[in-house]
Amino acid sequence: MDVVYILDMLGTFAFAISGALVASDKNFDLFGVVIIAFVTAVGGGMLRDVLIDAHPINWIGDLTYLWVILVAVIVTFLFKSKILPLSKTLFLFDTIGISVFTLLGIQKSLLYHLEPVVALIMGMISAVFGGVLRDVLTNKVPLIFQKEIYASACLVGGMTYLALQKTSLQENTIFLISAIVVVFIRSLSVRFNLQLPKIKDDLFRK
């Protein structure tokens, strides 16, 4: 089995658990938890495929995604109190997930002959919009819009990937380097509480 595919499934598992935990905290019933876990895990990739008219849609073409999400919900249902202390492990899987989702999104977009800048945006959508949909459906302001460097890390990693495509490096090496860039930036931003600047005032207000 391909290493990238395994990382993809690990990221899907972590995203599904994060969605299940949020839904559980909102007192959703089991059906609601499954829906939020599903949207969190594959919503970004599904939106990307709809936008670029790629068929079959990610999870429809590979039912493994559904089984991974189902397992994640069951694990959350049975072991929620044991999962919560594992925040660092989940953070690692989540960060690996966004790096892999970003790069897979770019790869798929390039296969559809989209311009690199569009492929970059699609890669970011693949990685972060599952979380955006989760937060919207659970009546929260999406995390990426108010704090933490999240989508920006995906964009920098994606730009690294596109830049390295012009070198003689092998595809696996390019993928690994670009994924490490995303993980490094994301980890650094959380470790030192780095955030993008916010517009609080303008230059001409007295």
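Aspartate 53 sits in the loop between α2 and α3. Its phi is positive, about 60°, although aspartate 53 is not a glycine. Aspartate 53 is exposed, with a relative accessible area of 53%. Here, exposed means over 50% relative accessible area, buried means under 20%, and partly exposed lies in between (1.4 Å probe, protein chains only).

The model is predicted: local features need pLDDT of at least 70, side-chain atom pairs count only at pLDDT 80 or more, and totals for chains, interfaces and linings use all residues. Residues are numbered from 1 along each chain as its sequence is written, and side-chain values use heavy atoms, with hydrogens and water left out.

A cis peptide bond joins histidine 55 to proline 56, with omega about 0°. Asparagine 139 lies in another loop, the one between α6 (116-137) and α7 (151-164). Phi of asparagine 139 is positive too, near 60°, in a residue other than glycine. Asparagine 139 is exposed, with a relative accessible area of 70%. Asparagine 27 follows α1 and has a positive phi near 65°.

**Helix α1**

Helices are DSSP runs (H or I, at least four residues), numbered from the N terminus; strands are E runs of at least two. Helix α1 covers residues 3-25, which makes 23 residues. From first C-alpha to last, α1 reaches 33 Å, close to the 33 Å expected at 1.5 Å a residue. The expected span is 1.5 Å times one less than the number of residues.

What caps the N-terminal end of α1? Aspartate 2 does: a side-chain oxygen lies 2.8 Å from the backbone nitrogen of valine 4. Such a polar contact is a pair of N or O atoms within 3.5 Å; within protein, one must be able to donate a hydrogen and the other to accept it, and residues adjacent in sequence count only if both atoms are side-chain atoms.

Isoleucine 17 is also in α1. Isoleucine 17 is buried, at 3% relative accessible area. Isoleucine 17 and valine 33 are 16 residues apart in sequence and 9.7 Å apart in space, C-alpha to C-alpha.

Threonine 40 lies in helix α2. Threonine 40 is buried, with a relative accessible area of 2%. A polar atom of the threonine 40 side chain lies 2.6 Å from the backbone oxygen of isoleucine 36.

A salt bridge is a side-chain nitrogen of Lys or Arg within 4 Å of a carboxyl oxygen of Asp or Glu. By this rule the count comes to four.

| Salt bridge | N to O distance |
|---|---|
| Lysine 80 and aspartate 25 | 3.1 Å |
| Arginine 48 and aspartate 49 | 2.9 Å |
| Lysine 108 and aspartate 49 | 3.2 Å |

Lysine 108 lies in helix α5 (residues 87-111) and aspartate 49 in helix α2, so the pair ties together parts that are 59 residues apart in sequence. Arg48, Asp49 and Lys108 are linked in a network of salt bridges. Aspartate 49 and arginine 48 are buried. The relative accessibility of aspartate 49 is 0%.

Lysine 80 is partly exposed, at 24% relative accessible area. Aspartate 25 counts as exposed, at 55%.

**A nonpolar patch**

Which residues make the nonpolar surface patch of about 880 Å²? They are Leu30, Leu63, Trp67, Leu70, Ile74, Phe77, Leu78 and Phe79. Helix α4 (residues 64-83) gives the largest share, six residues. Leucine 30 belongs to helix α2 (residues 30-51). Patches take residues with over 30% relative accessible area and no salt bridge; like charges are joined within 9 Å, and nonpolar side chains (Val, Leu, Ile, Met, Phe, Trp, Tyr) within 5 Å. Accessible areas come from the Shrake-Rupley method with a 1.4 Å probe; for residues, only the protein chains shown count as cover.

Helix α8 (residues 171-191) has 21 residues. α8 reaches 30 Å from its first C-alpha to its last, close to the 30 Å expected. Its buried residues are Ile174, Phe175, Ser178, Ala179, Val182, Arg186 and Ser189. They cover an arc of only 125° around the axis, which puts them on the same side of α8. The arc is that of the directions from the helix axis to the C-beta atoms. An α-helix has 3.6 residues a turn, so residues three or four places apart point the same way. The face of α8 turned away from the buried side carries the exposed residues Asn172, Leu176, Ile180, Phe184 and Arg191.
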